[in-house]
Amino acid sequence: MKHSVGYRSRTRSLLSKRSREAGLSPINRILRDYAEGEKVTVKIDPSTLKGMPHRRFQGRTGVVVGKRGRAYVVKMYMGGYEKTIITRPEHIRPLEGQ
């Protein structure tokens, strides 16, 4: 049987929460503002589907370039190429130790 090839395919452990973390995330993550030039880490929140980046960007670090509506434009480098993703604030965190 052929495996499914959807947007969230092969993400059983990557996009699942532990039992104590289950449910919606704290509101502070949604309300946090990021300034242009701020470094952020992509940490996908599986409880929120809107504005979710692809799983290949999980754990990557990028720089906030701008804002589009509620979402942020983040630029990062992968494999020598510059990538631009548009994601909501639930799925990004400020870089620690900055």
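Student: Where is the place of Thr-48?
Tutor: Thr-48 sits in the loop between β1 and β2. Helices (H or I, at least four residues) and strands (E, at least two) are DSSP runs, numbered from the N terminus. One caution: this is a predicted model, where local features need pLDDT of at least 70, side-chain atom pairs count only at pLDDT 80 or more, and totals for chains, interfaces and linings use all residues. Residues are numbered from 1 along each chain as its sequence is written, and side-chain values use heavy atoms, with hydrogens and water left out.

Student: Is Thr-48 buried or exposed?
Tutor: Thr-48 is buried, because its relative accessible area is 17%. Buried means under 20% relative accessible area, exposed means over 50%, and partly exposed is in between (1.4 Å probe, protein chains only).

Student: Which residues does Thr-48 touch, not counting those up to four places away in sequence?
Tutor: Glu-90 and His-91. Contact here means heavy atoms within 4.5 Å.

Student: What about His-54? Where is its place?
Tutor: His-54 is in the loop between β1 and β2. His-54 has 18% relative accessibility, so it counts as buried. Not counting residues up to four places away in sequence, His-54 touches Tyr-7 and Ile-44.

Student: Switching to charges. How many salt bridges does the structure hold?
Tutor: Four. The cut-off is a side-chain nitrogen of Lys or Arg within 4 Å of a carboxyl oxygen of Asp or Glu. Side chains of opposite charge can pair when their charged atoms come close.

Student: Which residue does Lys-17 meet in a salt bridge?
Tutor: Asp-45, at 3.2 Å, N to O. Lys-17 lies in the segment before α1 and Asp-45 in the loop between β1 and β2, so the pair ties together parts that are 28 residues apart in sequence.

Student: Are those two buried or exposed?
Tutor: They need separate answers. Lys-17 is partly exposed, because its relative accessible area is 28%. Asp-45 has 3% relative accessibility, so it counts as buried.

Student: Which residue forms a salt bridge with Glu-21?
Tutor: Arg-18, with the closest N and O atoms 3.4 Å apart. Glu-21 counts as partly exposed at 42% relative accessibility. Arg-18 counts as exposed at 63%.

Student: Now the surface. Which residues form the positive patch?
Tutor: Arg-10, Arg-55, Arg-56 and Lys-83. Patches are made of residues with over 30% relative accessible area and no salt bridge; like charges are joined within 9 Å, nonpolar side chains (Val, Leu, Ile, Met, Phe, Trp, Tyr) within 5 Å. Lys and Arg count as positive and Asp and Glu as negative, while His and the chain ends are not counted. The place of a charge is taken as NZ of Lys, CZ of Arg, CG of Asp or CD of Glu.

Student: Where in the fold are Arg-10 and Arg-56?
Tutor: Arg-10 is in the segment before α1 (27–31). Arg-56 is in the loop between β1 (39–42) and β2 (61–68). Arg-10 is exposed, with a relative accessible area of 62%, and Arg-56 counts as partly exposed at 48%.

Student: What is phi of Arg-10 near?
Tutor: It is near 60°, a positive value in a residue other than glycine.

Student: Which residues make the nonpolar patch?
Tutor: Ile-27, Ile-30 and Leu-31, covering about 300 Å² of surface. Accessible areas come from the Shrake-Rupley method with a 1.4 Å probe; for residues, only the protein chains shown count as cover.

Student: Tell me about Leu-31. Which helix is it in?
Tutor: Leu-31 is in helix α1. Its relative accessibility is 60%, so Leu-31 counts as exposed. Leu-31 and Glu-90 are 59 residues apart in sequence and 8.8 Å apart in space, C-alpha to C-alpha.

Student: Last one, Thr-61. Which strand is it found in?
Tutor: Strand β2. Thr-61 counts as partly exposed at 39% relative accessibility. Leaving aside neighbours within four places in sequence, Thr-61 contacts Val-40, Thr-41, Met-76 and Leu-95. The C-alpha atoms of Thr-61 and Lys-43 are separated by 9.5 Å, with the two residues 18 apart along the chain.
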